[in-house]
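Please look over the sequence and the model below.

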Amino acid sequence: MTPWLGLVVLLGSWSLGDWGAEACTCSPSHPQDAFCNSDIVIRAKVVGKKLVKEGPFGTLVYTIKQMKMYRGFTKMPHVQYIHTEASESLCGLKLEVNKYQYLLTGRVYDGKMYTGLCNFVERWDQLTLSQRKGLNYRYHLGCNCKIKSCYYLPCFVTSKNECLWTDMLSNFGYPGYQSKHYACIRQKGGYCSWYRGWAPPDKSIINPTDP
């Protein structure tokens, strides 16, 4: 079993959903959670790929040109290769070569970066301005907060460090408004609340349950 098979259980997030496979099931995750729970978060362009004999169906190794690192400086300051299962049924990730820049998240095992469909992976040009700002600064501010998923009403926060994530009520399986435009950030007094805007966070602007 390759390290990625264990990663599927450890980290679930939205990814390039058009490439989902029947046997690959991922729990939805806000991009902030994906950021905070990943060893590596980078922007990169894929410049090559090869199939190696590792795991039951092989492993795809992508050669990348790293544009910027947002998280993982102590784990792996510069990433040259990313590894993923060759089979989409095992959540293997298919990326275009010499075409797009991608936002890539993943884990580090034995000095290698692994990623897949259950990680947050998106074309850079498809990210919202708020998501880009989250990667640069805001998501980091909320890594001590907890984003609580709401699948059915009624839903409530149960502690001051929670933000209620309600995208699944109307956008189950797809990124919704909170995912695209909000970050859950710790405010004065230790409270966490949804934040969107240009000024410094202020807990009086927005509450934990209403984005």
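The model is predicted, so local features need pLDDT of at least 70 and side-chain atom pairs pLDDT 80 or more, while totals for chains, interfaces and linings use all residues. Residues are numbered from 1 along each chain as its sequence is written, and side-chain values use heavy atoms, without hydrogens and water.

Helix α3 spans residues 129-141; helices are DSSP runs of H or I with at least four residues, numbered from the N terminus. From first to last C-alpha, α3 reaches 17 Å, close to the expected 18 Å (1.5 Å times one less than the number of residues). At Leu135, α3 bends by about 70°, the angle between axes fitted to the seven residues ending there and the seven starting there. Among the buried residues of α3 are Leu135, Arg138 and Tyr139. Buried means under 20% relative accessible area, exposed over 50%, and partly exposed in between (1.4 Å probe, protein chains only).

The structure holds five aromatic pairs. Rings of Phe, Tyr and Trp (its six-membered ring) pair if their centres lie within 6.5 Å; planes under 30 degrees apart are stacked, over 60 edge-to-face, and the rest tilted. Two of the pairs are tabulated.

| Pair | Centre distance | Plane angle | Class |
|---|---|---|---|
| Phe35 and Tyr139 | 6.0 Å | 55° | tilted |
| Tyr109 and Tyr114 | 6.1 Å | 70° | edge-to-face |

Phe35 lies in helix α2 and Tyr139 in α3, so their pair ties together parts 104 residues apart in sequence. Both Phe35 and Tyr139 are buried. Tyr114 is buried at 4% relative accessible area, whereas Tyr109, at 24%, is partly exposed.

Terms used: Helices (H or I, at least four residues) and strands (E, at least two) are DSSP runs, numbered from the N terminus.
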